[in-house]
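Q: Please take a close look at one part of this model: a pair of packed helices. Which residues meet there, and how do the two axes run?

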Amino acid sequence: MKNIIIFGAPGSGKGTYSDEIVARYEMGHISTGDVLRAEIKNGTELGKTAKGYIDQGQLLPDSLMIDILAKTYDALPKGKGVIFDGFPRTIAQAEALKQMLAERGDDMGVMVELIVDEDTLLKRLLNRAIEQGRADDNEETIKKRFAVYHSQTEPLAEWFQKEGIRHTFTWKGSKEQMLSEIFAFLDKQ
Ligand code: AP5
Ligand code: MG
């Protein structure tokens with residue numbers, strides 16, 4: 001399988017569909033959010049830095065994230081493709097990812113964009129707050145994450161469009177339908 005960049009707002013299902021895609025195509029998976037939460041749990045210096053940003057719903061600095069991404073990518077076994085979940089989130093990160101992969105004789109593959117209405121996103125994240133207790137899943141921080149997504153990350157969709165690899169999937173109320181549309185597309189890659 002080609003590399004996949006899974007892209008969408010907080011709660012759009014990046015992690016959920018990544019798990020399904022990984023199971024079907026036996027790919028590697030990098031979730032930068034999961035990497036940072038593990039650092040926080042382990043009480044590392046990086047974790048302490050990350051917590052300050054995550055709790056405020058803000059993005060970490062690009063230079064730091066690009067470094068983390070490259071280290072995580074280089075530690076993965078190669079050959080079956082990687083799904084990038086939560087990275088890139090800015091144009092600078094996207095340019096860096098493209099260059100990093102090119103330096104390694106690889107490319108970005110396809111971008112899978114998840115479009116979900118904001119009421120549904122909010123309901124999902126408030127429900128996850130009850131089920132999993134993620135620190136940034138409170139209404140105030142969720143609203144900040146939505147605002148950061150709209151201002152800093154959403155414009156990237158156009159960047160992927162220009163790269164010719166943007167493929168959009170819109171939530172119509174059924175997870176099964178969403179998944180079958182995504183799989184129908186990925187099966188052809
Ligand atoms: P990150 O962990 O990436 O969070 P996010 O983008 O806010 O997205 P989520 O993980 O909340 O949502 P998701 O799209 O994965 O949805 P999920 O599948 O869980 O980043 C967290 C923070 O880390 C950032 O705010 C930033 O501070 C920092 N960070 C990370 N990467 C960075 C970067 N590159 N640069 C700078 N900073 C970075 O689904 C949500 C819930 O909905 C789940 O509970 C799921 O079970 C449920 N659900 C219910 N129905 C459905 C359905 N039909 N489909 C999918 N999910 C459903
Ligand atoms: Mg996630």
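A: This is a predicted model. Start with helix α4 (residues 62–74) and helix α5 (residues 91–103). Their axes lie 10 Å apart, and the packing angle is about 30°. Angles under 35 degrees count as roughly parallel, so α4 is roughly parallel to α5. The crossing of the two, α4 and α5, is right-handed.

Now the residues in contact. From α4 come Asp62, Met65, Ile66, Leu69, Ala70 and Tyr73. They meet Ala92, Gln93, Ala96, Leu97, Met100 and Leu101 in α5. By class, the contact of α4 with α5 has 10 nonpolar residues, one polar and one charged. Asp counts as charged, and Asp62 belongs to the α4 side. Gln93 belongs to the α5 side.

Strand β3 covers residues 82–85. Val82 and Phe84 point one way from β3. Ile83 and Asp85 point the other way. Each of these four is buried, Asp85 included.

Strand β3 has two pairing partners here. One is strand β1 (residues 4–8), which pairs with β3 in the parallel sense over three bridges. In that pairing, Ile4 stands opposite Ile83. The other is strand β2 (residues 28–31), also parallel to β3, over four bridges. There, Gly28 stands opposite Val82.

To return to the helices: α4 and α5 pack at about 30°, with a right-handed crossing.

Key. Residues are numbered from 1 along each chain as its sequence is written. Chains are lettered from A and ligands numbered from 1 in the order in which they are written. This is a predicted model: local features need pLDDT of at least 70, side-chain atom pairs count only at pLDDT 80 or more; totals for chains, interfaces and linings use all residues. Side-chain values use heavy atoms; hydrogens and water are left out. Buried means under 20% relative accessible area, exposed over 50%, partly exposed in between (1.4 Å probe, protein chains only). Two strands pair if DSSP finds at least two bridges between them. Axes are lines fitted to C-alpha atoms, for helices over the stretch in contact, and angles run from 0 to 180 degrees between N-to-C directions. Angles under 35 degrees count as roughly parallel, over 145 as roughly antiparallel, 65 to 115 as roughly perpendicular and the rest as oblique. A crossing is left-handed if the near helix is turned anticlockwise from the far one by less than a right angle, and right-handed if clockwise. Contact means heavy atoms within 4.5 Å.
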